[in-house]
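Student: Please take one part of this model and go through it closely. I would like the helix packing treated first and the sheets after that.

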Amino acid sequence: MKDNLIYTDLPPRLIELNKVVYNLFDSKKIFLQNGDNGFSSAPSNIALVKYWGKKNDELQLPLNSSISFTLGGFRAFTKVTVQGRSVEKSENHPMLFKHKLFLNNENLETKIPLKMEKIINTILLPCIQSLALEIKSQNNFPTACGIASSAAGYAALVGSIADLLQLDKHFSQDNLLYWLTQWARIGSGSATRSVFSDKDFFVKWKVEDQLPENKKIYSDTLSIPYNEKWTDLNHLVLVLDSSEKKISSSEGHQYVHTSPFQNIRLAGLNSKLHLLEQAIANFDFKKVQEISEEDAILMHAVMQTSSPKACYLTHETSDIIHSFVQRRNKLQAEAFWTLDAGPNIHILYMPSACNFIHDFIKNLEIKKSGSLKILKNNFSGGLMLGRNNFYEMKNKLNTTGALS
C-alpha cells in the first residue's frame, strides 16, 4: 500500500499498539467478516483555554496545551459495518476497496476525507485490501458552526472501530484510552478531549515543549482533578447562526502565524493553564470565569488579525456578549461565556444563576422579535462503546432532549 494512504510517522507507543492489533489479526484473534458492526457515541467539548495553531498539521499537534469541559449531551452516534469483496473498488486506489461515509443522512453518501481514509487503512492494515467500512454517523446538534462537531465525530469514529475490533478485551484500560486519544487527535485535534468517561468533566490536552532533540514525543491527553461542585455546572449554546462556517477551523489554523497577537497570547498560556487547573480543583468559579472569557477574546483577536482574516465573531455575537457581561456583573451571577471557532455563544452557569439566564434569554427573544434557538446540554456522559450503550444513549437523549 502506498505511504500516502496510511500514517507512517506516529508516536512510538501508538506504533507498538498498532503492532499488537496487527498480530491479533495474524493470529486470528481478530477476524472480520461482511456484516460485522462496531458502535460508539461520543460527546463534544468546549475548550476553556483553547488551542489555535499547529506544530504539525497532518498529525494535529497543537502549538499550545488546552483544557476543555465535556458536553455529554451534544453527541455523535457512529456505526461502522464491515463490507466485503462485493464493495466496488476505489477509482483512485484500484487495489483498495471503497469506504463509504454517510453523515446525518443514512441515504446520502458523502465523500470520505483523506485523513479518515488513512486512519481506517492504518488501523486495519492487515486486511484493508479485502474489506471496507461503511460509516454512518449522526450528530444531535448542528455541524460545522462552532460546537466542535468534528471532535464528537472523530471520537465516535475511532470508538466504533475499537468496538468493532473488541479492543477492550485485548488492551488494558490505560492502553485503550491512549489508543483512542491518539487516533481521535489525528482525525481532529479537539477530538482527543472527547474520548474520556462520564466522570471526566475536565480534560487537558498537554503539549511537551522542552524535550531533548533526539527524543521524539507527542502530545498527551489526561483527565484533571476537579471539585465535586462542578457536577452541577449547566451549559447551553445560543445558536445565532447554524450555517456551516465559510472558513473552517482547519483553514484558520494555517494562518495563525500571521497575527501580531499570536505570540502575545502564547506567552501567557502556561501560567494561565496552571491557574485554571488550580481554580477547577478548588472550585474558584470567578477565576475560571475570568480565564475562560479572557482566552476566548484573545483567540478571536488572533483569528481576526490573521491574513486572511477568520471573522467568526460577528457584531450580533459581540453585542449579546456585552449585554450578558453587564447584566451578569450587576447581579454577580455565577455564569460565564465562551466561544469556539464560530459565532454561537456557549454559556456555562451554576444553578444559582438559572433565573438570571432565563431572564436574559427572555429579553433577547423580545429584542429579536421571535424565539431564539437554544441548545441545552442535559447530560454529562463521556465516550461509550457497544451496541447497547449506543441505543440506550440515543433513547435517553430522545427522551430528555439535547435540544430545546
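Tutor: The model is a predicted one, and the cut-off applies to its helices α2 (residues 114–123) and α5 (residues 173–187), which pack at an angle of about 150°. The two helices are therefore roughly antiparallel to each other. Their axes lie 9 Å apart. On the α2 side the contact is made by Lys115, Ile119, Thr122 and Ile123; α5 contributes Trp179, Trp183, Ile186 and Gly187. Sorted by class, this contact of α2 with α5 has 5 nonpolar residues, 2 polar and 1 charged.

Next comes the open sheet. Its 4 strands follow the order β11-β12-β10-β13, and their pairing is antiparallel. At the edges stand β11 (335–339) and β13 (374–376), each of which pairs on one side only. From one strand to the next the twist averages 25°. Strand β12 (residues 345–349) is joined to β11 by 5 bridges, and the two run antiparallel. Across this pairing, leucine 339 stands opposite isoleucine 345 of β12.

Helix α10 (residues 315–331) lies across β10 (234–238), β11 and β12, and runs at about 160° to β11. Helix α11 (residues 354–368) packs on the sheet and touches β10, β11, β12 and β13. The direction of α11 makes about 10° with that of β10.

Helix α9 (residues 285–304) can be checked for length and then for burial. Its 20 residues, at 1.5 Å a residue, should span 28 Å; the end C-alpha atoms are 29 Å apart, so the two values agree. Among the buried residues of α9 are Phe285, Val288, Ile291, Met299, Val302 and Met303. The buried residues of α9 also include Gln289, Glu293, Asp295 and His300. The cover over the buried residues of α9 includes β1 (37–49), α7 (262–267), α8 (269–282), α10, β11 and β12.

Glutamine 262 is located in helix α7, and its relative accessibility of 4% is why it counts as buried. Leaving out residues up to four places away in sequence, glutamine 262 touches Trp52, Leu63, Val256 and Val302. Val302 is itself one of the buried residues of α9.

Strand β1, part of the cover over α9, is mostly covered as well, with 12 of its 13 residues buried. β1 pairs with strand β4 (residues 66–83) in the antiparallel sense over 12 bridges. A further 2 bridges join β1 to strand β14 (residues 384–385), again running antiparallel. Serine 41 has a bridge partner in each of these strands: phenylalanine 77 in β4 and methionine 384 in β14.

The remaining helix to look at is α3 (residues 149–165). Its 17 residues should span 24 Å at 1.5 Å a residue, and the end C-alpha atoms are 24 Å apart, which agrees. α3 is mostly covered, since 16 of its 17 residues are buried. After α3 comes glutamine 166, whose phi is positive, near 55°.

Methods:
Residues are numbered from 1 along each chain as its sequence is written. This is a predicted model: local features need pLDDT of at least 70, side-chain atom pairs count only at pLDDT 80 or more; totals for chains, interfaces and linings use all residues. Side-chain values use heavy atoms; hydrogens and water are left out. Axes are lines fitted to C-alpha atoms, for helices over the stretch in contact, and angles run from 0 to 180 degrees between N-to-C directions. Angles under 35 degrees count as roughly parallel, over 145 as roughly antiparallel, 65 to 115 as roughly perpendicular and the rest as oblique. Contact means heavy atoms within 4.5 Å. Ala, Val, Leu, Ile, Met, Phe, Trp, Tyr, Cys and Pro count as nonpolar, Asp, Glu, Lys and Arg as charged, and the others, Gly among them, as polar. Two strands pair if DSSP finds at least two bridges between them. The expected span of a helix is 1.5 Å times one less than its number of residues. Buried means under 20% relative accessible area, exposed over 50%, partly exposed in between (1.4 Å probe, protein chains only).
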